[in-house]
Amino acid sequence: MTYQQAGLIAIIKRIAGWILFIPALLSTCISLANYVYQYTQKKQGIDAVLLDFLHLMVDMTRFNTPFLNLFWYNSPMPDFSRPFAVASIMFWIIYLLIFVGLALQVSGARMSRQARAVREGIEDQVILEKMKGNEGRTREELASRAEVPHHTIFLQYFPLYIMPLVTAVAGYLVLRLLGVPV
């Protein structure tokens with residue numbers, strides 16, 4: 001693909017990445033908040049003060065973010081005791097969409113950097129070709145020879161493969177520290 005096409009695809013990938021990332025992140029955070037809210041309603045014991053505080057924080061957040069009602073009422077609440085329940089599977093799919101969006105954004109950023117480098121290289125080469133006089137190549141000839149390789153999101157190892165695992169382990173540890181059954 002030409003560097004102009006690569007620049008356009010890079011912009012589309014970056015926008016698509018943000019469009020996937022932001023709603024998936026909001027939905028996942030709200031799903032976990034709803035899970036903590038439901039758990040803190042029926043818990044008694046020595047850690048009741050902390051759980052009451054969490055219950056109050058989730059309640060206050062829900063009250064102060066009415067513009068997120070779409071997420072508050074429709075985000076799937078996971079049931080960690082039944083991992084193959086529909087709500088749990090939907091929760092994990094939405095969780096993974098966070099990292100697919102990040103991988104798309106990173107892939108688009110890399111393509112954008114490469115397209116910019118190729119464009120600057122062509123500009124530099126045009127200056128050198130003008131110094132040769134009539135035998136030098138034109139900008140169109142140089143641009144037709146420049147190609148940018150395709151970048152797939154599956155090559156983004158950290159945001160697509162490592163980061164979901166690290167985040168899931170950290171979330172598990174935080175939920176266990178709070179005493180929430182996972």
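**Ground rules.** I number residues from 1 along each chain as its sequence is written, and I leave hydrogens and water out, since side-chain values use heavy atoms. Because the model is predicted, local features need pLDDT of at least 70 and side-chain atom pairs count only at pLDDT 80 or more, while totals for chains, interfaces and linings use all residues.

**Helix 4.** Helix 4 has 47 residues and reaches 68 Å from its first C-alpha to its last, close to the 69 Å expected at 1.5 Å a residue, where the expected span is 1.5 Å times one less than the number of residues. After helix 4 comes G133, and I noted that its phi is positive, near 90 degrees.

**Nonpolar cores.** I next listed the largest nonpolar core, which has 12 residues, including M1, Y3, M111, I122, V126 and L142. A core here is a set of buried Ala, Val, Leu, Ile, Met, Phe, Trp, Tyr and Cys residues joined through side-chain atoms within 4.5 Å, and buried means under 20% relative accessible area (1.4 Å probe, protein chains only). Helix 1 (3–41), helix 4 and helix 5 (139–145) each supply at least two residues of this core, and the largest share, 4 residues, comes from helix 4. Another core, of 9 residues, lies apart from it and has Y35, Y39, L51 and F80 among its members. For L142 I found contacts (heavy atoms within 4.5 Å) with I122, Q125, V126, E129 and R137, leaving aside neighbours within four places in sequence.

Is S31 buried or exposed? S31, in helix 1, counts as buried because its relative accessibility is 1%. Not counting residues up to four places away in sequence, S31 touches S75, P76, M77, P78 and F91. S112 lies in helix 4 and is also buried, with a relative accessible area of 19%; with the same exclusion, S112 touches A10 and R14.

**Surface patch.** Last, I recorded a nonpolar surface patch of about 740 Å², made by F154, L155, Y157, F158, Y161, I162 and V166, with F158 found in helix 6 (residues 157–178). Patch residues have over 30% relative accessible area and no salt bridge, and nonpolar side chains (Val, Leu, Ile, Met, Phe, Trp, Tyr) are joined within 5 Å. A salt bridge is a side-chain nitrogen of Lys or Arg within 4 Å of a carboxyl oxygen of Asp or Glu.

Note on methods:
Patches are made of residues with over 30% relative accessible area and no salt bridge: like charges are joined within 9 Å, nonpolar side chains (Val, Leu, Ile, Met, Phe, Trp, Tyr) within 5 Å. Accessible areas come from the Shrake-Rupley method with a 1.4 Å probe; for residues, only the protein chains shown count as cover. Buried means under 20% relative accessible area, exposed over 50%, partly exposed in between (1.4 Å probe, protein chains only).
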